[in-house]
Amino acid sequence: MMSQIGLGRAGGGGIAVPDWVHSNSNVDMDFVNGSYWGGTLSGMVSVARASSGYAQATNGTFTSFGNNVLRITDQGLLIEESRTNIVLWNRDLTNVAWVKLNVTAALNQIGIDGAANSASSLTSTLANGTVLQTIVLASSARFQSVYMKRITGSGNIDMTMDNGATWTTVSGSINSSTYTRVTIPTQTLANPIVGFRIVTSGDAVAVDFVQNENSGSFGTSPIATTTAAVTRAADNVTTAGMLNTVVAAAQGSLLAVTNRGEAAGITGDVVDSNGTIHLGFTSGNVATTQVGATLSTGGTANRTTRDKIF
């Protein structure tokens, strides 16, 4: 999330500066509240992303945004790198891609996007029932997650990506009211076999967006799949208009309020439409943090890696 960006407070010509504008700002972009000073949103920021992408609101609901549309919710602007989800039919576990042993699957749950019958229920008919999917893939570091909610029971729910050679119990993190994203430790392996084990007969859970993606450290926003793996393209967000003019041509300061989300230990940048880096985020910025850089003509903050920024 980036909420305040600017140099030298503007407001001449008898135009009153709103109280919410950060002190001495020519440009202030409050993505959380949808308020913009110094120009319109479309006139100051644009995104190139060759795919759709999801972003989450504070109430937990996810919304899908089309190609080249900024992913803005009441949590701010979401910017991510490209990722590929290799799990097929990751919302519909009734599909034959998922092999069920003593588990009944049904596509009958409200999903994390609020859509009816878009997520699956899994009910164990005998103890230690499993639901597994085999994926053909060269060896790589994999990060696995799923959005899960308890329906009935209280027994252990386990997740694997190595055909059960390692089971990780995730049920201690879930509840019966809301979906929780649960994860298992990163593994480097070929041909992952991903899925779930319901330890107690009769227990049931709702699952949505099973995701196994190409990362060894953190997960990204949901990527829906059906018959094939799907890649969500990177968000290439650049400045334009007054915002670009201010940060590219004048002295002053640039401020952003950010939240890296799950991207622990990751650095990132704000760049202008020419690719010039203006603000670097260090790996030490945890949770919601204000970061700033002093700009001068010909000078920028010195960071070289753009990655995930909430």
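Tryptophan 89 lies in the loop between strands β8 (83–85) and β9. Strands (E, at least two residues) and helices (H or I, at least four) are DSSP runs, numbered from the N terminus. The phi of tryptophan 89 is near 45°, a positive value in a residue other than glycine. Most residues other than glycine have a negative phi. Tryptophan 89 counts as partly exposed because its relative accessibility is 23%. The cut-offs are under 20% relative accessible area for buried, over 50% for exposed, and partly exposed in between (1.4 Å probe, protein chains only). Asparagine 191 also has a positive phi, near 50°. Asparagine 191 sits in the loop between β16 and β17. With a relative accessible area of 41%, asparagine 191 is partly exposed.

The model is predicted: local features need pLDDT of at least 70, side-chain atom pairs count only at pLDDT 80 or more, and totals for chains, interfaces and linings use all residues. Residues are numbered from 1 along each chain as its sequence is written, and side-chain values use heavy atoms, with hydrogens and water left out.

The protein has two helices and 24 strands. Of its 310 residues, 48% are buried. The accessible surface is about 12800 Å², and carbon and sulfur atoms hold 51% of it. These areas come from the Shrake-Rupley method with a 1.4 Å probe; for residues, only the protein chains shown count as cover. Among contacts (heavy atoms within 4.5 Å) with a separation of 6 or more, 67% link residues 24 or more positions apart.

Two strands count as paired if DSSP finds at least two bridges between them. Strands of a sheet pair through backbone hydrogen bonds, either parallel or antiparallel. Strand β12 (residues 129–134) and strand β17 (residues 193–198) run antiparallel and are joined by six bridges. Here threonine 134 has isoleucine 193 in β17 as its bridge partner.

Strand β11 (residues 119–124) is mostly covered, with five of its six residues buried. Five bridges link β11 to strand β10 (residues 103–109) in the antiparallel sense. Alanine 105 stands opposite leucine 122 in β11. β11 also pairs with strand β18 (residues 204–213), antiparallel, over four bridges. Threonine 123 has alanine 204 in β18 as its bridge partner.

In a regular strand the side chains alternate between the two faces of the sheet. Four bridges join β3 to strand β20 (residues 236–239), and the two run antiparallel. Valine 47 stands opposite valine 237 in β20.

Two threonines complete the picture. Threonine 73 lies in strand β6 (residues 71–73). It counts as buried because its relative accessibility is 12%. A polar atom of the threonine 73 side chain lies 2.9 Å from the backbone oxygen of glutamine 56. Beyond its neighbours within four places in sequence, threonine 73 is in contact with Phe31, Val32, Ala55, Gln56, Ala57 and Phe65. Threonine 180 belongs to strand β16 (residues 180–189). Not counting residues up to four places away in sequence, threonine 180 touches Val146, Tyr147, Met148, Ser173, Ile174 and Asn175. Threonine 180 and isoleucine 112 are 68 residues apart in sequence and 9.6 Å apart in space, C-alpha to C-alpha.

Definitions and conventions. Polar contact = N/O pair within 3.5 Å; in protein donor to acceptor, adjacent residues only side chain to side chain.
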